[in-house]
Amino acid sequence: MVHGVPDAAESTAFPSRRQVDAVLFDFHGTLAQVEDPVSWVTAAAAACGAGLDRGRATILADRLVTAGRAGGPVPRRVPIHLAEHWADRDLYEHSHRAAYTGLAATVVPDVEGLADALYDRGLDPAGWLPYADTEPTLRTLHDAGIKVAVVSNIGFDIRPHFAAWGLAGLVDAYALSYEIGRTKPDPAIFLRACGMLGADPERTLMVGDTPADAGAVQAGCAALVLPAAEPGRSNGLSATLALAGCAA
């Protein structure tokens, strides 16, 4: 979905004209994706000193994803004792951890410490994969002098992830919900990101993968919503370049 900017085909007709001064990107599902569930469970179990064969890891992964995984689909049911932490998971670090370790604990695996190890795997850059389009898109924007911020509903610091991937120098600011105290689609988080960049919202494009990202329109930004893709693959992120008015 694009609001307030020409479509990609039209924008390429004016390659010398910059459409925006800044681009805001969502993190999960837009710039990076969590590793596949079986790898996630296997790595977490290994951190606990346990080896799992692929069959057992697959069954356990299916149950854990259904229960609720950080970076995975929203669980169908959240136990009442976790409801408050679940509601606050993107506003407070302790609630984020408590919500997801609590959901993992409902699966009751026989690997001691696995719930915490599964959560900690998400804190590790190795537990995520940037999309194939991420580095070239961010680098092209950087080289064109267009400011970039990451705007994410999240309960932990993702700056180490970008540093580990060699992308830290391509991101100018991070507007993370647990630090800002606002979550998308609240216009306040997008306005804060624009302020961090010194950018006019009307000259800013927000790129994400959910309707919450399109909430940037209420802050005066343009919005592009792309479908999430499997880990490590291309998700069409390069379409941002035409909309930003810079050459790919």
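Me: What is the volume of the largest cavity, and what makes a space a cavity?

Reply: The largest cavity has about 160 Å³, counted as the space filled by probe spheres set on grid points joined across faces, edges and corners. It is called a cavity because, on a 1 Å grid over the protein atoms alone, a 1.4 Å probe fits at its points but cannot get out. The model is predicted: local features need pLDDT of at least 70, side-chain atom pairs count only at pLDDT 80 or more, and totals for chains, interfaces and linings use all residues. Residues are numbered from 1 along each chain as its sequence is written, and side-chain values use heavy atoms, leaving out hydrogens and water.

Me: Which residues lie nearest the centre of the largest cavity?

Reply: Trp40, Arg69, Ala70, Leu118 and Tyr119, out of 16 lining residues, each with an atom within 4 Å of a point. Helix H5 (93-105) and helix H6 (114-123) each give two or more residues to this lining. The largest share, 5 residues, comes from H6.

Me: How do H5 and H6 pack, and why is their arrangement called oblique?

Reply: Their axes, lines fitted to C-alpha atoms over the stretch in contact, are 8 Å apart at an angle of about 130°. Angles under 35 degrees are roughly parallel, over 145 roughly antiparallel and 65 to 115 roughly perpendicular, with the rest oblique. H5 and H6 are therefore oblique to each other.

Me: Which residues make the contact of H5 with H6?

Reply: With contact meaning heavy atoms within 4.5 Å, they include Tyr100 and Ala104 of H5, and Leu118 and Tyr119 of H6.

Conventions
1 Å grid on protein atoms, 1.4 Å probe; cavity = no way out; pocket = protein on both sides within 12 Å on 5 of 7 lines; lining within 4 Å. Helix = DSSP H or I, 4+ residues; strand = E, 2+ residues; numbered from the N terminus. Axes fitted to C-alpha atoms, helices over the stretch in contact; angles between N-to-C directions.
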